[in-house]
Amino acid sequence: MVGMLAAMPPAPSNRPDRDEPPLTSVRDRGDACPGALRLHTADDGALARVRVPAGVLSAAQAYALADAAEQLGDGALDITSRGNLQLRGLEAGCGGELAQLLDAAGLLPAPRHERVRNVVASPLSGLDGRGYADVQPLVRELDALLCASERAPELSGRFLFALDDGRGDMAELAADVMLLAEPGGGSVRVTVGDAAVRVKAEDGPRAMMLAAEAFLDASATRAWRVRELPAAHAVSAADLAARAAAAGLDAVAAVPPSCPDRAAGGEGPPVPGAGDGAAYVVAPLGRVTASAWRLIAGVAERYGPGELRVTPWRGVVVVGAGEEQLGVLAGAGLVTDPASPWLGVGACTGRPGCAKSLADVRADATALLPAGAGGLPVHWSGCERRCGHPRGAWVDVVATADGHYEVSAPGGPPRTVPLTELAGALAAARTITTPTK
Ligand code: SF4
């Protein structure tokens with residue numbers, strides 16, 4: 001059922017924040033994150049990343065993206081680990097046409113800000129009766145503030161905002177600025193690094209923007225993420241509270257929620273299925289064909305208000321869809337079964353799309369798909385960058401130059417394994433249990 005707790009318990013990560021250690025000197029370049037207007041050149045053509053705050057798309061926007069994928073790209077869309085959408089295999093010189101198409105669909109409301117609209121939110125908020133508040137209206141307000149902000153374009157394309165309705169599902173995404181609804185729904189805590197303030201729920205989006213500005217002012221080293229701030233430059237709760245007070249908000253310094261038990265229960269991702277006025281489906285390895293997008297959009301239009309919510313777990317909430325629609329969604333290649341082995345498997349782009357890759361990791365992950373669900377998630381990477389890897393505890397599988405894979409489970413040493421022995425090594429690694437804090 002949608003909204004049930006996921007099978008994976010929260011546990012310490014085996015790769016703690018390796019992406020963004022504190023900066024020890026001033027960075028001399030901006031981030032290279034692709035956007036809808038700044039395309040990245042990959043081995044399979046150009047790549048565009050379309051930011052979709054909280055993953056919320058109308059059916060019309062989903063149709064437009066399907067058209068773009070088919071007319072300009074390779075005919076599919078990838079869901080990223082932040083619930084954004086990527087088009088790949090774009091023809092050279094199609095940037096103007098793509099921008100026009102996205103703009104006409106309302107997916108480019110502020111071109112200067114398009115790369116910084118990185119906003120995730122509890123995807124079932126307001127639908128299943130869980131959580132302390134519906135954060136969707138707060139998402140819309142935050143996005144409007146972001147798009148109107150003079151300073152927001154100074155943020156990197158990696159900076160992440162998260163709004164958690166109190167169920168704790170956003171904790172694992174390690175956002176830079178986080179809003180967490182509190183019991184009763186009248187107040188929220190807004191956190192940046194180790195600093196937090198409590199404000200009225202309706203002031204949450206403004207407090208989030210103030211937190212982002214405090215980060216920019218503290219970022220003398222040109223950090224892209226809050227975790228990169230050296231300790232001496234960290235934003236303090238007193239600074240955050242003072243900024244909020246100066247902006248006329250009723251704010252008090254608060255204790256930041258602690259990970260992994262940040263909120264009530266620390267709920268995981270939705271489970272595929274239907275219930276509570278929505279269906280939830282997952283895309284194997286995050287890839288959805290244009291025809292499947294059209295089918296999802298059609299279901300959303302026919303059985304609900306025409307709203308989709310793309311999730312950071314490579315799934316889509318189809319608002320209004322029910323049990324009866326699961327068959328047609330499954331027929332389009334989407335995972336609707338909570339016991340599907342695809343639920344625990346992720347992979348980067350790999351060969352042939354990425355020049356850095358040492359293997360076709362998607363083909364290998366597909367060939368070695370386990371028989372059933374369960375155990376720790378596995379993420380396959382074509383090189384040590386580990387693009388799109390999950391947070392928390394997971395099994396790390398990285399291609400090596402000699403055609404093997406290096407496998408590491410939480411708390412264990414890496415092991416180099418030939419492809420022929422990989423299935424057994426993965427099965428063993430996924431069963432390793434990690435101590436909870
Ligand atoms: S992890 Fe390496 S191989 Fe995979 S997409 Fe990232 S850079 Fe490419």
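Here are some questions and answers on a predicted model.

Q: What radius of gyration does the chain have, next to that of a compact globule with 437 residues?
A: For 437 residues, the globule rule puts the radius of gyration near 22 Å. The C-alpha trace spans about 60 × 50 × 45 Å along its principal axes.

Q: What share of the contacts in the chain with a separation of 6 or more comes from residues 24 or more positions apart?
A: The chain has 9 helices and 21 strands, and buried residues make up 56% of its 437 residues. Taking contacts with a separation of 6 or more, the share from residues 24 or more positions apart is 67%.

Q: How many charged residues are in the shell around the ligand?
A: The residues around the ligand are C348, T349, C354, K356, S357, G382, C383, R385, R386 and C387. Lys and Arg count as charged, and K356, R385 and R386 are among the residues listed. By class, the shell has 4 nonpolar and 3 polar residues, and the number of charged ones is 3.

Q: How many disulfides does the structure hold?
A: A disulfide needs two cysteine sulfur atoms within 2.5 Å. Take C33: the nearest cysteine sulfur belongs to C387 and sits 9.8 Å away, so C33 is in no disulfide. C33 counts as buried, at 12% relative accessibility. Over the structure, the number of disulfides is 0.

Q: Is C383 buried or exposed?
A: C383 is one of the residues around the ligand. The cut-off for buried is under 20% relative accessible area. C383 has 18%, so it counts as buried.

Q: Which kind of aromatic pair do F159 and F215 form?
A: Searching the whole structure turns up 3 aromatic pairs. The ring centres of F159 and F215 lie 4.9 Å apart with the planes at 35°, so this pair is tilted.

Q: How many residues apart in sequence are the parts that F159 and F215 tie together?
A: F159 sits in the loop between α3 (136-148) and β7 (161-164), while F215 is in helix α4 (residues 204-218). F159 is buried at 1% relative accessibility, and F215 is buried at 1% too. The parts tied together by F159 and F215 are 56 residues apart in sequence.

Q: Which strands do W380 and Y405 lie in?
A: W380 and Y405 form an edge-to-face pair, 5.1 Å centre to centre with 80° between the planes. Both residues are buried. The pair ties together parts 25 residues apart in sequence, because W380 lies in strand β18 and Y405 in strand β20.

Conventions:
Residues numbered from 1 in each chain as written. Predicted model: local features only at pLDDT ≥ 70, side-chain atom pairs only at ≥ 80, totals over all residues. Heavy atoms only, no water. Near = heavy atom within 4 Å. Phe/Tyr/Trp six-rings, centres within 6.5 Å; stacked < 30°, edge-to-face > 60°. Helix = DSSP H or I, 4+ residues; strand = E, 2+ residues; numbered from the N terminus. Buried < 20%, exposed > 50% of the residue type's maximum accessible area, 1.4 Å probe, protein only. Rg over C-alpha atoms; globule rule 2.2 N^0.38 Å. Contact = heavy atoms within 4.5 Å.
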